[in-house]
Amino acid sequence: LHSFPTRRSSDLYTMTMSDVTKSVLARKEDGSITLVVTLPQADIARLREEVVVKAVGEAEIPGFRKGKAPRNVVEERLDAAKIQEEILKKLLPPAYIKAVEEHNLKPIMNPKIHIQKIDKDQDWVFEATTCEAPPITLGAYKDKVKSITAKSKIIVPGKEKQEPNFDEIMQAILESATMTIPGILVQQEADRHLAQTLDEIKKLGLTLDQYLSSTGKNPDALRKEFEEKASSDMKLEFILQKIADDEKITVEQKEVEEAIQKATNPQERENLSRNPYLLASILRQQKTLDFLKNL
């Protein structure tokens, strides 16, 4: 229905929820979190009244001036599904935020929403599935990385210095770390990879069936491939973040500004300026990779 912020912001949502709004939390073994939230009928009725009143004021019905048609005439023409959608748009975000704060959660992704109950004149119930950053044990990654980078520190007369193999370093830290990526996060990332692939297939003028036939894969195998890639990519990203945190690797504002100025053209410079936090994240990851290379 919409994007959900992970923290309350008075600039985003000013609607107050009823004190009887209830939420129940459940955690899965993989770290996925499910919140079952009840929306009180009192809030639903209040918002429905606001939606109907607004519709009556804006209605243009033959035989009546704009906004002057009788309420019952207007209500007969209103789409019940659209009214429900409008109510949910206004109730879901603040109700979700309230549940997150109630259970002291720190979600790292927008929730996957499933409406469980939406009966007339009763409380509505929705389910929000999300996750927090998974706990990570890095293990003896430094020893494994040092065994790889040691090769590059051996100077052989007459030969160029051998650079550390980044693929070997990444494999070493993946093997050393212990963590479980929440299934909901893997699914979201796999969906992104799949959507990107479908766009690329479409640009080539192929159908999905033609692509699968040419690669010798079936839909299940393709999905599994994307899920495995998503899991590996996410693990590596979390591990690098953990190493950066532990080693207190930071990025100064000056470094961000210098990176923006080094952009090759005005358009690229403008894009980087619009996303300074993303740029800082990329720079921090690069500094973390440099740290590993120099172990």
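Leu 185, Val 186, Gln 187, Glu 189, Ala 190, Asp 191, His 193, Leu 194 and Thr 197 of H6 are in contact, meaning heavy atoms within 4.5 Å, with Leu 222, Arg 223, Phe 226, Glu 227, Lys 229, Ala 230, Ser 231, Asp 233, Met 234 and Phe 238 of H8. By class, that contact of H6 with H8 has 9 nonpolar, 4 polar and 6 charged residues. Here Ala, Val, Leu, Ile, Met, Phe, Trp, Tyr, Cys and Pro count as nonpolar, Asp, Glu, Lys and Arg as charged, and the others, Gly among them, as polar.

A word on the model. It is a predicted one, in which local features need pLDDT of at least 70 and side-chain atom pairs count only at pLDDT 80 or more, while totals for chains, interfaces and linings use all residues. Residues are numbered from 1 along each chain as its sequence is written, and side-chain values use heavy atoms, with hydrogens and water left out. Helices (H or I, at least four residues) and strands (E, at least two) are DSSP runs, numbered from the N terminus.

Back to the pair. Two packed helices are described by the angle between their axes and the distance between the axes. For H6 (residues 183-203) and H8 (residues 219-246), the axes come within 8 Å and cross at roughly 120 degrees. Axes are lines fitted to C-alpha atoms, for helices over the stretch in contact, and angles run from 0 to 180 degrees between N-to-C directions. H6 and H8 are therefore oblique to each other; angles under 35 degrees count as roughly parallel, over 145 as roughly antiparallel, 65 to 115 as roughly perpendicular and the rest as oblique.

The second pair is H9 (residues 253-261) and H11 (residues 276-293), whose axes come within 10 Å and cross at roughly 100 degrees. H9 and H11 are therefore roughly perpendicular to each other. Glu 255, Val 256, Ala 259 and Ile 260 of H9 make the contact with Pro 276, Leu 279, Ala 280, Leu 283 and Lys 287 of H11. The residues of this contact divide into 7 nonpolar, no polar and 2 charged.

Next, helix H1, residues 41-58. At 1.5 Å a residue its 18 residues should span 26 Å, and the end C-alpha atoms are 26 Å apart, which agrees; the expected span is 1.5 Å times one less than the number of residues. Which residues of H1 are buried? They are Asp 43, Ile 44, Leu 47, Val 51, Val 52, Ala 55 and Val 56. Buried means under 20% relative accessible area, exposed over 50%, partly exposed in between (1.4 Å probe, protein chains only). These buried residues pack against strand S2 (32-39), helix H2 (71-77), helix H3 (80-102) and strand S4 (124-131). Ala 42, also found in H1, counts as exposed at 55% relative accessibility.

Now the loops. Pro 182 is in the loop between helix H5 (166-176) and H6, and is buried, with a relative accessible area of 1%. Not counting residues up to four places away in sequence, Pro 182 touches Asp 30, Gly 31, Ser 32, Cys 131, Glu 132 and Pro 134.

Finally, backbone angles. Most residues other than glycine have a negative phi. Asp 121, not a glycine, has a positive phi of about 60 degrees. Asp 121 sits in the loop between strand S3 (112-117) and S4 and counts as exposed at 60% relative accessibility. Lys 248 has a positive phi too, near 55 degrees. Lys 248 is in the loop between H8 and H9 and is exposed, with a relative accessible area of 68%.
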